Structures are given as structure tokens and as C-alpha cells.
Amino acid sequence: MILAWLKQQRRRRLRARPFPKDWLKLVERHVVFFHKLNGSDRAELLGHIQVFLAEKRFEGCGGLVINNEIRVTIAAQACLLLLHRKTDYFPRLLTILVYPLTYMVQEDHQVGEHVWQEGTVSRLGETGRRMGSLVLSWGAVKHGAADPSDGKNVVLHEFAHQLDYENYAADGVPGLATQEEQLTWSEVMGTEFESLRAADETGIPTLLDTYGAIDPAEFFAVSVEAFFEQPRALRGRHPKLYAELQKYFQQDPVEYSAER
Ligand SMILES: [Zn+2]
């Protein structure tokens, strides 16, 4: 308990530190809706960024040298997911590995019922419940920041997975306070997930990335991308899903998003 108290104290001090001017320029450049947030949200976000950058380790891979632009851009987008909520700052995550562009991984693909094909595939980001780390392509991060309303953002996606792990399971259900909340969440997300699957199978165009039809964990991650990047469209087409996410994140991105 004393450790938890010390941690809170340290974080309070970090949040209160003056925010470096050159970092602020980076936030303004890479979080295009930053100026639309109200004053207290802006201050809260900057405070979270200070804690995040003090606690997480960044490692450059594939020849990439980590600089403040990379650190601040990733931190700012990730910390948007923490606004207004009691948070432990992605507690399962220690290290963020950043590659210059896409990176290749060995992966087995199932091509038939009992047939697996081995091969290398390129990826833009990944994380796992037991990894303790999160991998990002700096190219994809910049791309996601440059177009904040196309519904695609690898940072929001991967950090949404981290929120999902807060209650120890990768099941598309983040830590919710009450059983009643869990019940409503499962009901709404379950229905929406099934309808995305059905649309994916029949080829009906969808607002949500059909990558989310893979499983409930991916469904949650792509929903989070749409929630922050295309909130108006999401609210119009999936009002119940939007309401659930709004309740969980305790914010309404319609008010500040860059969506046209
Ligand atoms: Zn994912």
C-alpha cells in the first residue's frame, strides 16, 4: 500500500512539471485536434504524457534512433485513451519498440482445414497480453497522425489492446467497475461483433474495419479507432456501440474530432 501511495505521489509530481515547450509543439503538430480540447482536457493530457514518458521505455529497432518526436507523438495519442478516467497508465506495458516502416514477422497462415503455411508477413504494430511490450512502425504512426479521421490509427489500436488486458484477459472487455456494466458491455459488443462478422461474410460495406471481425479483442480495438477518428459516423450508424464506448472513455470525441 505504501508503494502504491509513493507511486501516486510520484505521478502527481510528474503531472505538475512544466511541460517542455518543444514537446508542446510536437503535440500540436501531431495531435491536430489538440487545440479543440478544452483547457482542462489539454492540461490533463499533457500531465498524462509526462507520466507516460517517465515510466515507459522506448527502443528503436531496425536502425531507428528514438527521438522526442517519436516519443511525444506516440505518448500523446496513447494518453488520449486515459482522459477523464482513473488510470494506472497501461500497467502491463513496459517497453515500446519502434521500427522505421513496416517490420516482418514469421507467421503461420492457415490455408486449409489442416494446412498451415509458414511465411513472413509485414506488420504495422502489435502487442500481446504477456508481451510486456508493444511494437509500432513509426511510418504507420505518422500516417495515422496525419489523417486523424480515416478511422485508422495504429497507436489507438494497439493501446486499446492494452486497456483490454487490464483485467487480465484479451477478450475485448476492458476493466469495468460493476457486473451490470460488464453485462451491458457484453450484450452490446456481442451484437455489434456478430453484425460485423455477418457483413464481412456477405461483403456488405461497413464503417468499422472488418479486421475487427477476427475476434472480440480486435473488434474492441477497431471500434476504439472509429470512436476517436469517426465519432459522428459511428454514433449515427452504431448508436449503442458509441454510447458504450462513450460511457467507458467518459468523453465525447464528436466535440473535438477532426472528422468532417
Ligand atoms: Zn489488434
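This is a predicted model: local features need pLDDT of at least 70, side-chain atom pairs count only at pLDDT 80 or more; totals for chains, interfaces and linings use all residues.
Let me begin with the largest pocket, which is lined by 27 residues, and of these Gly125, His157, Glu158, Tyr211 and Glu218 lie nearest its centre. Among the elements that give two or more residues to this lining are strand S4 (116-123), strand S5 (125-127), helix H5 (138-146), helix H6 (154-165) and helix H8 (216-229). Residues are numbered from 1 along each chain as its sequence is written, and side-chain values use heavy atoms, with hydrogens and water left out.

A few terms first. A pocket, on a 1 Å grid over the protein atoms alone, is an open set of points with protein on both sides within 12 Å along at least five of seven lines, whereas a cavity is a set of points where a 1.4 Å probe fits but cannot get out; lining residues have an atom within 4 Å of a point. Helices (H or I, at least four residues) and strands (E, at least two) are DSSP runs, numbered from the N terminus.

Back to the largest pocket: the space in it comes to about 710 Å³, where a volume is the space filled by probe spheres set on grid points that are joined across faces, edges and corners. Which element gives the largest share of its lining? That is H6, with five residues. Sorted by class, the lining holds nine nonpolar, eight polar and ten charged residues, where Ala, Val, Leu, Ile, Met, Phe, Trp, Tyr, Cys and Pro count as nonpolar, Asp, Glu, Lys and Arg as charged, and the others, Gly among them, as polar.

The second largest pocket has a volume of about 580 Å³, and 18 residues line it, with Arg85, Lys86, Thr87, Glu166 and Gly175 nearest its centre. Helix H7 (179-202) and helix H10 (239-249) each supply at least two residues of that lining, and H10 gives the most, with three residues. Its classes are six nonpolar, four polar and eight charged residues.

H4, H5 and H8 each supply at least two residues, and the largest share, three residues, comes from H4. By class, this lining divides into nine nonpolar, four polar and one charged.

S1, helix H4 (residues 68-80) and S2 make a left-handed β-α-β unit; a crossover is called right-handed if, with the strands pointing away from the viewer, the path from the first strand over the helix to the second runs clockwise. Strand S1 (residues 57-60) pairs with S2 in the parallel sense over four bridges, and two strands pair if DSSP finds at least two bridges between them. Arginine 57 stands opposite threonine 95 in S2, and phenylalanine 58 has isoleucine 96 as its bridge partner there. S2 also pairs in the parallel sense with strand S6 (residues 133-137), over five bridges, and in S6 the partner of isoleucine 96 is leucine 134. Why is strand S2 (residues 95-99) largely enclosed by the rest of the structure? Because four of its five residues are buried, a word that means under 20% relative accessible area, with exposed over 50% and partly exposed in between (1.4 Å probe, protein chains only).

Finally, the aromatic rings, where the count comes to 14 pairs. The rings of phenylalanine 33 and tyrosine 256 have their centres 5.4 Å apart and their planes at 35°, so this pair is tilted; rings of Phe, Tyr and Trp (its six-membered ring) pair if their centres lie within 6.5 Å, and planes under 30 degrees apart count as stacked, over 60 as edge-to-face and the rest as tilted. Phenylalanine 33 sits in the loop between helix H2 (21-30) and helix H3 (39-55), and tyrosine 256 in the segment after H10, 223 residues apart. Both phenylalanine 33 and tyrosine 256 are buried. Tryptophan 185 and tyrosine 248 make an edge-to-face pair, 5.8 Å centre to centre with 70° between the planes. Tryptophan 185 lies in helix H7 and tyrosine 248 in helix H10, so the pair ties together parts that are 63 residues apart in sequence.
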